[in-house]
Amino acid sequence: MEINKDLIAASSTPIVLAILAEEDSYGYAILQRVQELSGGRMEWTDGMLYPVLHRLERHGFVEARWETAENGRRRKYYSITSAGREQLAEEHRQWEAVDATLRSLWSALRDSLPAAGAAGSGPLPQGA
Amino acid sequence: MPTPDPAARLEEQIDRWRSFLRRRRAIHATDVAELEDHLREQVAALTDGGLDAEEAFLVAVKRMGAMDDLSREFALEHSDRLWKQLVVSSGDGAEAAGARKDAIVAFGLAAAAAVAIKVPALFGLQMERDAAFYVRNASLFVLPLLTGYFAWKRGLDARTIGWLAAAFVAAAVFANVYPFQAQVPGSGANDPGYTELLTALHLPIALLLVVGIAYAGGRWRDVAGRMDFIRFSGELFIYYVLIALGGGVLTGLMAMTFQSIGVDVEAFFQSWLLPCGAAGAVLVASWLVEAKQSVIENMAPVLTRLFTPLFAAVLVTFLATLVFTGRGVQIERNVLIAFDLLLVVVLGLLLYSVSAREPGAPPGLFDWMQVVLVVSALLADAVALWAIAARISEFGFTPNRVAALGENVVLLVNLAWSAVLYLRFLGGRGAFARLEKWQTDYLPVYAAWAAVVVIVFPPAFGYV
């Protein structure tokens, strides 16, 4: 399943901040974590994560530092700041509102539209 | 030729990928390092998953995203990077350390120039009372330090440095041994006289050649080396003007704020801030030109592009008006100087557009504009010279007049032959490089004439 670009862009901030709230991390590991959590359903273009990280850094939500990784390479680690945690809490509230609204809609639709399917996911059957 | 070792082959591919990425202006070296770490991690994970190194690399690069998209995303986030910035001494590495050292030396020499201009005061030479001394020697406080900066920067050998130093010593001697007379005997005995003022004006021109030789650092005999000095001089002028404007704002604000608390800073401004700032700014401006050379577009050629058509239009209109109204050139005392200035400006416009022109490019509209400019300036000057020649004996040969006449001839010869070379180029009968060579070959002529004015004029005109 491909998730559209706008949705990916909108969700990238809370996702990255939440992952960094778990522990400090670096680009590749963040992407791995997204993959793992979404069961492979969220396909990010790898390179696009970095401008997002840099934007968060500019806003002061994350801090970056260079460290030498265990394999001897220089690696840029990111950690969440207290401003970042506040932002994450704010995003959390907003996404819950969106999610709650959509959930109500999905359940309303399930009653009126049989075509929407049981789980409310998947493409519409043809000719419905 | 394929490399058998897959690890080496991978390194080669990563090198190529990295160099492609480096060309993107929005993506800085640290970002490239970050992305490379990612790429390597991805390749390692994919090889662990069973792909061979080559396949893993291709997949990893694909997942990274198209370079154009990536560059666009970085540009959106870092839009400031699309503006070429002069970043002095940031980051690490030998290059940054070199830039830092360069800046330290330049600012040290600027401070030295600022101090040098105050040293004579220790020996009782006051700036107001002994204005003539300061006017004569102004260039000697600054240009030796500027020459020293380039001698250090280009690593000149001791012999060249010796010659350059000798030139400055000679200049100092000629500026100070002549018994110059005051301008109008009896009226404030310390105003500089005519030949003294001529020395003050021409000494810097002669000494610029010395700076140029140091700047070119062994490439003075090459057209390209001298052309680089021409480019440098244009940028130096523009930076100096900009710094002077900033200095004007600073002093204006300083005067206003101190006035509000009843402190008069004019004396400090006159005898400290202005002379020290003006001396130090030459070195700071030179350093800026050097530091930003590869970072920012040269300004002088941009300005010549802007003003060449305007000056050409003014001159053509002037000539047309002259013909239709039948007016003669008013012969005043300063008319020769006015026409000298006109030729200097036209020469500047020509010189700095020549310095930025792609020699191989075919003739274009702008080249014709240049020819119109030069030819109309020559005609205007010819009219003025003809009018003056008729009455020169009536006016008499004062030092100012002879100097102005000499300058006019020097500039006229340059522009006339430039016009011939330009027309040959436009007619397809000569390379543009001939014009470049002519202009760069001519540089010593200005210095030679200036040296004649400094050395020969005072005794020839009785030091008046």
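Mentor: Happy to! Chain B of this predicted model is divided into domain 1 (6–82), domain 2 (94–292) and domain 3 (299–430). Keep those three ranges in mind, with one distance to go with them: the C-alpha centres of domain 1 and domain 2 of chain B lie 50 Å apart.

Now to the core you asked about. The largest nonpolar core has 78 residues, and those that touch the most other members are B:Ala113, B:Leu146, B:Ala214, B:Leu283, B:Val346 and B:Ala377. Helix α9 (residues 194–216) of chain B supplies the largest share of this core, twelve residues. Where does the core sit relative to the domains? Both domain 2 (94–292) and domain 3 (299–430) of chain B give residues to this core, so it lies between them. As a general background, nonpolar side chains tend to be buried together in soluble globular proteins.

Let's zoom in on B:Ala214. Setting aside neighbours within four places in sequence, B:Ala214 is in contact with B:Thr147, B:Phe150, B:Ala151, B:Arg154, B:Leu156 and B:Leu164. There is also a second, separate core of 29 residues, and its members include A:Tyr50, B:Ala56, B:Ala60 and B:Phe74.

Back to helix α9 of chain B, which has a packing partner. α9(B) packs with helix α15 (residues 399–426) of chain B at an angle of about 30 degrees, and their axes are 9 Å apart. Angles under 35 degrees count as roughly parallel, and α9(B) and α15(B) are therefore roughly parallel to each other. On the α9(B) side the contact is made by B:Tyr194, B:Thr195 and B:Leu198, and on the α15(B) side by B:Pro399, B:Asn400 and B:Ala403. By class, the residues of this contact are four nonpolar, two polar and no charged.

One more residue is worth a stop: B:Met299, in helix α12 (residues 299–325) of chain B. Not counting residues up to four places away in sequence, B:Met299 touches B:Glu235 and B:Ile238.

Last, the contact between the chains. Chain B brings 18 residues to it and chain A brings 14 residues. On the side of chain B that touches chain A, α2(B) gives the most, with nine residues. That side of chain B has six nonpolar, four polar and eight charged residues.

Methods. Residues are numbered from 1 along each chain as its sequence is written. Chains are lettered from A and ligands numbered from 1 in the order in which they are written. This is a predicted model: local features need pLDDT of at least 70, side-chain atom pairs count only at pLDDT 80 or more; totals for chains, interfaces and linings use all residues. Two residues are in contact if their C-beta atoms, placed from the backbone, lie within 7 Å. Helices (H or I, at least four residues) and strands (E, at least two) are DSSP runs, numbered from the N terminus. Ala, Val, Leu, Ile, Met, Phe, Trp, Tyr, Cys and Pro count as nonpolar, Asp, Glu, Lys and Arg as charged, and the others, Gly among them, as polar. Domain bounds come from an automatic or database domain assignment. A nonpolar core is a set of buried Ala, Val, Leu, Ile, Met, Phe, Trp, Tyr and Cys residues joined through C-beta atoms within 7 Å. A residue is buried if 20 or more other C-beta atoms lie within 10 Å of its own, exposed if 12 or fewer, and partly exposed in between; C-beta atoms are placed from the backbone. Axes are lines fitted to C-alpha atoms, for helices over the stretch in contact, and angles run from 0 to 180 degrees between N-to-C directions. Angles under 35 degrees count as roughly parallel, over 145 as roughly antiparallel, 65 to 115 as roughly perpendicular and the rest as oblique.
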